[in-house]
Amino acid sequence: MSVLLICTMFFASCKVTSQTPSNKDLVISKDLKWSDKMALTLMKRHPEAYMIDDSKKPKWDYVHALVLHSFEELYKKNPDARYKNYIRGYVDELVQEDGSIKTYEFDKYNIDLVVPGRLLFEIYDSSKQEKYLKALQLVRKQLLEQPRTASGGFWHKQIYPDQMWLDGLYMGEPFYAQYTLTYENGKSFDDIAKQFELIQLHATDPKTGLLYHGWDESKKMPWANKETGNSPNFWSRALGWYVMALVDVLDYMPKDHPKQKELVKYLNNACGALAKFQDKSGLWYQVTDKGGQKGNYLEASGSSMFAYAFAKGANKGYLPAKYKKLANKAFDGLTKVLIKKVDEDGGITLTNCCQVAGLGGTPYRDGTYEYYVNERKKDNDPKATGPFILAAIELNR
């Protein structure tokens, strides 16, 4: 055998053995923390991050952003390169050399499409590649142009005029806060606070302290109360988006900013109201205030979001220490009631996740009790798994 052939075979074998193993081959040990178990489960079932939520093609989307943000936070605690590479793979599938973003439909002014911008900050900071900065600026441009209600609140989408949804506070404000702190010397904190002020003022129920899913300033939508403009029910995931938005925005708003204490007060008000509706299992129902009614069920995404917000709020000193205990109780409920089995490969499945819910649109969603409890469910839906990881990190579990 020639020396050339032997060398060729040697280098070929080195190339094969040095390749990074596929995420399909990940080992999920029963001794890992819940945060790592869930992250590795998702990587094993979705070998490329764009496949999250069973997507067939890469897509700039809030559900991917939510899960991958949880991976960013996990990487800070457990700097496993696989987590970082998983995030980077998603971003690089979509961000082009000129800073444009594949599949990003800018002109729809859908505030859901702002939240993936959060993934760009660290990547630009570490790489200093201009394309990531341009992509950040593009997402910021959407907020500059986002249509607003007469009182100054961001519309949820261009197709939903005059409407603010609780979901939108999470979709827009943490990115907005991080951007204005990083690149604008904090000039927009008053505007960020205004978004919370409007929803707090108009969507809060004076009796329970809970916030309604949506508020139509024009009061024209069929689902809107003709006096208040509010939708008719309390949806746990919408409330979850809201309290997560508050604890994440507070990461960036300086303590001496005049609006900081106001946001902390909103967080305490909302969490105080939610604590009253926590079930003995530690979980919360899909329709927050109607536990035990026919069709209602203990729901994973809202419960995970509340566990995260309670734990982070307590860890950061925004909330009293008792909320850490309530967060642990919630997390016990998630792991004991809603994770019903462990797969042979060690993967875990979070059940009772509402897949989607909204207001208006086609087919029309009327916000009734029957609507919320009959929307479809999906195991390990990303709106539950991302907050589950975030809660686990805050609780060191």
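**Exercises on a predicted model**

What covers the buried residues of helix 6 includes helix 4, helix 5 and helix 7 (166-183).

**Exercise 1.** Determine which residues of helix 6 are buried, and check the span of the helix.

*Solution.* Step 1: a residue counts as buried when its relative accessible area is under 20%. In helix 6, this holds for Lys 131, Tyr 132, Leu 133, Ala 135, Leu 136, Val 139, Arg 140, Gln 142 and Leu 143.
Step 1: helix 6 has 16 residues, 130-145, and at 1.5 Å a residue these should span 22 Å.
Step 2: the end C-alpha atoms are 23 Å apart, so the two values agree.

**Exercise 2.** Decide whether Ile 111 is buried or exposed, and identify its contacts.

*Solution.* Step 1: Ile 111 belongs to the loop between helix 4 (81-94) and helix 5 (118-127).
Step 1: its relative accessible area is 2%, so Ile 111 is buried.
Step 2: leaving aside residues up to four places away in sequence, Ile 111 touches Gln 142 and Leu 143, among others. Both of these residues are among the buried residues of helix 6.
Step 3: the C-alpha atom of Ile 111 is separated by 6.1 Å from that of Lys 157, although the two are 46 residues apart along the chain.

**Exercise 3.** Describe the largest pocket and its lining.

*Solution.* Step 1: the space in the largest pocket is about 840 Å³.
Step 1: 37 residues line the pocket, and Asp 61, Tyr 62, Asn 110, Asp 112 and Lys 157 are the closest to its centre.
Step 2: helix 3 (62-77) gives the most to the lining, with three residues.
Step 3: by class, the lining has 13 nonpolar, 10 polar and 14 charged residues.

Notes
Residues numbered from 1 in each chain as written. Predicted model: local features only at pLDDT ≥ 70, side-chain atom pairs only at ≥ 80, totals over all residues. Heavy atoms only, no water. Helix = DSSP H or I, 4+ residues; strand = E, 2+ residues; numbered from the N terminus. Buried < 20%, exposed > 50% of the residue type's maximum accessible area, 1.4 Å probe, protein only. Contact = heavy atoms within 4.5 Å. Expected span 1.5 Å × (residues − 1). 1 Å grid on protein atoms, 1.4 Å probe; cavity = no way out; pocket = protein on both sides within 12 Å on 5 of 7 lines; lining within 4 Å. Points joined across faces, edges and corners; volume = space filled by probe spheres on them. Nonpolar A, V, L, I, M, F, W, Y, C, P; charged D, E, K, R; others polar.
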